[in-house]
Amino acid sequence: MSKHGALTEDCIICGGDFNCALSECDKKGGQSISKKQNIITKLKELMKTFNVQDIWRVSNPNEKKFTWRDKSFKIQCRLDYWLISNNLASKNNSQVHCDIIQNFFSDHSGISLCYTTNDHIKRGRGFGKSTAVS
């Protein structure tokens, strides 16, 4: 068992700006994602280690929707993700809805996550951080 093995069954929900498109499907215009292949590989390794998935992509495997754009809209990427534990996403008594919400006041769109379950989930201390444009 790896040193992170004990965490793979935890209920992890992590969201934010990862500043990296994970696949060509998540980018339009500009340079290829191959320029960031090392970062992409590391992020995918972390996702595998902690047994989490990009819930929006899992729910929308073929959709092209972006969370960041340059001012001219020539380059657009999906850089913002909700990563949730595979065990949370696959619970029989749960529903997960994730959406990308257009924001006209920022170069980033919002990402929403709604998770509902009838199961009791043991909660830890948790950690939250939010950045907002005023």
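The largest cavity in this predicted model has a volume of about 30 Å³. A cavity here is a set of points, on a 1 Å grid over the protein atoms alone, where a 1.4 Å probe fits but cannot get out. The grid points are joined across faces, edges and corners, and the volume is the space filled by probe spheres set on them. Searching the whole structure turns up 1 cavity of 30 Å³ or more.

Because the model is predicted, local features need pLDDT of at least 70 and side-chain atom pairs count only at pLDDT 80 or more, while totals for chains, interfaces and linings use all residues. Residues are numbered from 1 along each chain as its sequence is written, and side-chain values use heavy atoms, with hydrogens and water left out.

Who lines the cavity? The lining consists of Trp56, Arg78, Asp80, Tyr81, Trp82, Cys98, Ile100 and Ile111. A lining residue has an atom within 4 Å of a cavity point. Two elements, β6 (80–85) and β7 (94–101), each give two or more residues to this lining. The top contributor is β6, with 3 residues. By type, the lining has 6 nonpolar residues, no polar ones and 2 charged ones. Nonpolar covers Ala, Val, Leu, Ile, Met, Phe, Trp, Tyr, Cys and Pro; charged covers Asp, Glu, Lys and Arg; the others, Gly among them, are polar.

Now step back to the whole chain. It has 3 helices and 8 strands. Helices are DSSP runs of H or I with at least four residues, strands are E runs of at least two, and both are numbered from the N terminus. Along the sequence the pattern reads β-β-α-β-α-β-β-β-α-β-β. Of the 134 residues, 29% are buried. Buried means under 20% relative accessible area, exposed means over 50%, and partly exposed lies in between, with a 1.4 Å probe and protein chains only.

The buried nonpolar residues come next. In soluble globular proteins, nonpolar side chains tend to be buried together. The largest nonpolar core has 11 residues: Cys20, Ala21, Leu22, Ile33, Ile40, Leu43, Met47, Phe50, Val52, Tyr81 and Leu83. Such a core is a set of buried Ala, Val, Leu, Ile, Met, Phe, Trp, Tyr and Cys residues joined through side-chain atoms within 4.5 Å. Both α1 (37–49) and β6 give two or more residues to this core. The largest share, 3 residues, is from α1. There is also a second, separate core of 5 residues, including Trp56, Ile84, Cys98 and Ile100.

Phenylalanine 18 sits in the loop between β1 and β2 and tyrosine 81 in strand β6, so the pair ties together parts 63 residues apart in sequence. Is each partner buried or partly exposed? Phenylalanine 18 is partly exposed, at 25% relative accessible area. Tyrosine 81 is buried, at 1%.

Next comes a sheet. An open sheet of 3 strands runs in the order β2-β5-β4, with antiparallel pairing. Its edge strands, β2 and β4, each pair on one side only. Strands pair if DSSP finds at least two bridges between them. Between β4 and β5 there are 2 bridges. Tryptophan 68 stands opposite cysteine 77 in β5.

Isoleucine 75 lies in the loop between β4 and β5 and is partly exposed, at 27% relative accessible area. Lysine 64 lies in the loop between α2 (55–59) and β4. Lysine 64 is partly exposed, at 49%. Lysine 64 and aspartate 26 are 38 residues apart in sequence and 6.6 Å apart in space, C-alpha to C-alpha.

Two loop residues have backbone angles to check. Most residues other than glycine have a negative phi. Asparagine 19 has a positive phi of about 55°. Asparagine 19 is in the loop between β1 (13–17) and β2 (27–28), and is partly exposed at 48%. Phenylalanine 73 also has a positive phi, near 65°. Phenylalanine 73 is in the loop between β4 (68–69) and β5 (76–77), and counts as partly exposed at 47% relative accessibility.

How values were computed. On a 1 Å grid over the protein atoms alone, a cavity is a set of points where a 1.4 Å probe fits but cannot get out, and a pocket is an open set with protein on both sides within 12 Å along at least five of seven lines; lining residues have an atom within 4 Å of a point.
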